[in-house]
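Thanks for coming, everyone. Let me put the structure on the screen, and then we'll walk through a few of its parts.

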Amino acid sequence: MSDITTVVDSYLAALGEGDAEARARLVERAWTPDGHFVDPLLDVRGHEEIAAIADAVREHYPDHAFRRTSAVDVHHDRARFTWTLVGPDPDAQPALTGVDVALVADDGRLREVVGFFGDVAEAA
């Protein structure tokens, strides 16, 4: 099994990678061929569609990168972690934050990621 932290970091790096060939390598390293990514804005499957997420991110948030902001918490075949989307100005507020919950395949790569934006709201 691959180191899940390295897999997650490869996935996040792919989302901001501008070079299509480098991005494809990162996606292949992090995702199973049948990988499924879903968040409030997207529902995509497979390496090509997952790699294409980076184009949308780079269009809306030029010069930004995803950074993992927590450890990768794992049990059984599940993982969760928090992230932020940051720009080049280290003093600026993040453009986005969120939490992803993943299903990890037997080979250690991501089979599915469900993403949520922002913090979880307090109970009413």
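First, some ground rules. This is a predicted model, where local features need pLDDT of at least 70 and side-chain atom pairs count only at pLDDT 80 or more, while totals for chains, interfaces and linings use all residues. Residues are numbered from 1 along each chain as its sequence is written, and side-chain values use heavy atoms, with hydrogens and water left out.

Now the strands. Helices (H or I, at least four residues) and strands (E, at least two) are DSSP runs, numbered from the N terminus. Two strands pair if DSSP finds at least two bridges between them. Strand β5, residues 78-86, pairs with strand β6, residues 96-104, over eight bridges, in the antiparallel sense. Strand β7, residues 110-117, is joined to β6 by seven bridges, and these two also run antiparallel. Gly98 has Phe117 in β7 as its bridge partner. The β6 and β7 hairpin has five residues between the strands, and Gly108 there takes a positive phi near 90°.

Next, two residues. Is Thr84 buried or exposed? Thr84 sits in strand β5. Buried means under 20% relative accessible area, exposed over 50%, and partly exposed in between, with a 1.4 Å probe and protein chains only. Thr84 has 8%, so it is buried. Contact means heavy atoms within 4.5 Å. Leaving out residues up to four places away in sequence, Thr84 touches Ala65, Phe66, Arg67, Thr69, Pro94, Leu96 and Thr97. Its side chain also reaches the backbone oxygen of Leu96 at 3.3 Å.

Compare Val101, in strand β6. Val101 has a relative accessible area of 37%, so it is partly exposed. With residues up to four places away in sequence not counted, Val101 touches Ala79, Arg80, Glu112, Val113 and Val114. Val101 and Arg78 are 23 residues apart in sequence, yet 7.2 Å apart in space, C-alpha to C-alpha.

Last, the pocket. On a 1 Å grid over the protein atoms alone, a pocket is an open set of points where a 1.4 Å probe fits, with protein on both sides within 12 Å along at least five of seven lines; lining residues have an atom within 4 Å of a point. The largest pocket has a volume of about 310 Å³, the space filled by probe spheres set on points joined across faces, edges and corners. It is lined by 19 residues, and Asp39, Leu41, Leu42, Val57 and Phe117 are the closest to its centre. Helix α3 gives the largest share of the lining, four residues.

Key
A polar contact is a pair of N or O atoms within 3.5 Å; within protein, one must be able to donate a hydrogen and the other to accept it, and residues adjacent in sequence count only if both atoms are side-chain atoms.
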